[in-house]
Amino acid sequence: MSTSQIAFLKGHGTENDFVIVPDPDNALALPAPVVARICDRRAGIGGDGLLHVVRSAAHPEARDMASEAEWFMDYRNADGSIAEMCGNGVRVFAHYLQRAGLVERGGLAVATRGGVKQVHLAKDGDITVSMGHALLPGESATVSVGDRSWPSRNVNMGNPHAVAFVDDLAHAGDLLSAPPVSPEAVYPEGVNVEFVVDRGPRHVAMRVHERGSGETRSCGTGACAVAVATARRDGRDPAVTGLPATYTVDLPGGTLVITEHPDGAIDMTGPAVIVAEGVIDPAWLEAATG
C-alpha cells in the first residue's frame with residue numbers, strides 16, 4: 001500500500017452504500033483483504049462495496065473501452081471480491097464524477113466489467129443508467145430458505161440473478177448467509193438472489209442477498225432483473241407487445257423505476273448521494289491488513 005494518506009468518499013444509491021476511492025492513474029494496490037477491511041462496518045469505514053475510480057486507459061481490464069468511456073468503475077464487493085457490475089454503484093460513481101468537476105450533467109459513458117454503460121445525470125438529481133439487455137438463460141434453479149422453496153427465474157444483467165416470487169418478504173429469512181440454490185451448477189460463480197412480492201399494478205417490492213455482500217438495502221441490477229422477470233410473468237414482454245414495460249421497484253433503501261424497451265434495452269432511474277469525504281490512515285490500514 002502507499003505510505004501516503006488515501007482519499008475516500010462515502011455515498012449511497014437508495015441506501016446501497018459504497019466507499020469511493022478516487023485513483024485516476026490506477027496507482028493504488030487494492031487487494032481483497034484491504035477492500036474487505038475498508039468495507040468492514042465495525043472496524044473500517046463500512047460499505048456494501050468499494051468504487052475504485054480509475055481512468056479506463058490506466059486499467060488493464062478497461063483499456064479496450066477507453067475510446068468509448070474515459071472512466072472505469074473498478075467495482076469490488078464488500079468481501080473484496082471483484083464484481084462485473086453494480087447498478088446503484090454506477091449512479092453513485094457518476095454522481096461523484098460530476099461532483100468532482102470531472103464530467104458535466106447530461107450524458108456520460110462509464111466503463112464496467114459488464115461493458116460500457118450510458119448514464120444521464122438529470123438536473124433534478126435523478127440519474128438514469130442504460131443497463132443494457134437482460135439475458136434469460138434457459139436453466140433455472142430452486143431457491144430455498146429453511147423448509148420453504150420456490151422456483152426462480154434466471155436473469156443475467158451482466159451478473160447473475162435468481163428471482164423468486166414469494167407471498168411475504170419475511171419468508172426470505174435474515175439473509176445473513178446465501179440462500180441455497182439447486183442445482184448449484186446453474187450458477188457456478190455464485191448468484192444474487194431476489195425475493196419479490198406484488199404491491200400493485202406494475203409495482204413490486206423486493207429483498208436481495210448479493211453474493212459477496214449479504215443482504216443489502218438496494219441492488220440496481222437486481223431491481224432490473226426483478227422487473228424483467230415480473231414482466232415475463234405478467235405477459236408484458238416488450239419484445240412481444242411492442243410497448244415499453246415500466247415497473248416501480250421498492251427496496252428497503254428506497255425506490256427505483258425500471259423500464260424495459262421493445263428492443264430489450266433497460267433503463268434504471270433513481271437517486272445518488274455523497275454523504276462524506278476524508279482520508280484513510282495508511283498506518284491503520286497497514287496494521288489492519290498486515
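I count Ala, Val, Leu, Ile, Met, Phe, Trp, Tyr, Cys and Pro as nonpolar, Asp, Glu, Lys and Arg as charged, and the others, Gly among them, as polar.

I note that this is a predicted model, where local features need pLDDT of at least 70 and side-chain atom pairs count only at pLDDT 80 or more, while totals for chains, interfaces and linings use all residues. Residues are numbered from 1 along each chain as its sequence is written, and side-chain values use heavy atoms, with hydrogens and water left out.

**Cavity**

A cavity is a set of points, on a 1 Å grid over the protein atoms alone, where a 1.4 Å probe fits but cannot get out; a pocket is an open set with protein on both sides within 12 Å along at least five of seven lines; lining residues have an atom within 4 Å of a point. Grid points are joined across faces, edges and corners, and a volume is the space filled by probe spheres set on the points.

I found 1 cavity of 30 Å³ or more, and the largest cavity holds about 90 Å³ of space. Of the 14 residues that line the largest cavity, Asn77, Met85, Asn159, Asn192 and Glu210 are the closest to its centre. Strand S4 (71–77) and helix H3 (220–233) are the elements that give two or more residues to this lining; helices (H or I, at least four residues) and strands (E, at least two) are DSSP runs, numbered from the N terminus. By class I read 5 nonpolar, 6 polar and 3 charged residues in the lining of the largest cavity.

The largest pocket has a volume of about 160 Å³. Its lining is Cys39, Arg41, Gly47, Asp48, Ala78, Ser213 and Glu215, that is, 2 nonpolar, 2 polar and 3 charged residues.

I then went to Asp17, in strand S2 (residues 16–22). Is Asp17 buried or exposed? Asp17 counts as buried because its relative accessibility is 10%, where buried means under 20% relative accessible area, exposed over 50% and partly exposed in between (1.4 Å probe, protein chains only). The side chain of Asp17 makes a polar contact with the side chain of Arg41 at 2.6 Å. A polar contact is a pair of N or O atoms within 3.5 Å; within protein, one must be able to donate a hydrogen and the other to accept it, and residues adjacent in sequence count only if both atoms are side-chain atoms.

**Helix H1**

In helix H1 (residues 32–39) I listed Val34, Val35, Ile38 and Cys39 as buried. They lie on the same side of H1, because they cover an arc of only 125° around the axis; the arc is that of the directions from the helix axis to the C-beta atoms. The buried residues of H1 pack against S2, strand S3 (49–55), S4, strand S19 (273–280) and helix H5 (282–289), with contact meaning heavy atoms within 4.5 Å.

**Backbone and loops**

Leu175 is not a glycine, yet has a positive phi of about 55°. I place Leu175 in the loop between strand S11 (160–165) and S12, and Leu175 is buried at a relative accessible area of 3%. The peptide bond from Ser182 to Pro183 is cis, with omega near 0°.

Asp124 sits in the loop between S6 and strand S7 (127–133) and counts as exposed at 63% relative accessibility. Its side chain reaches the backbone nitrogen of Asp126 at 2.9 Å.
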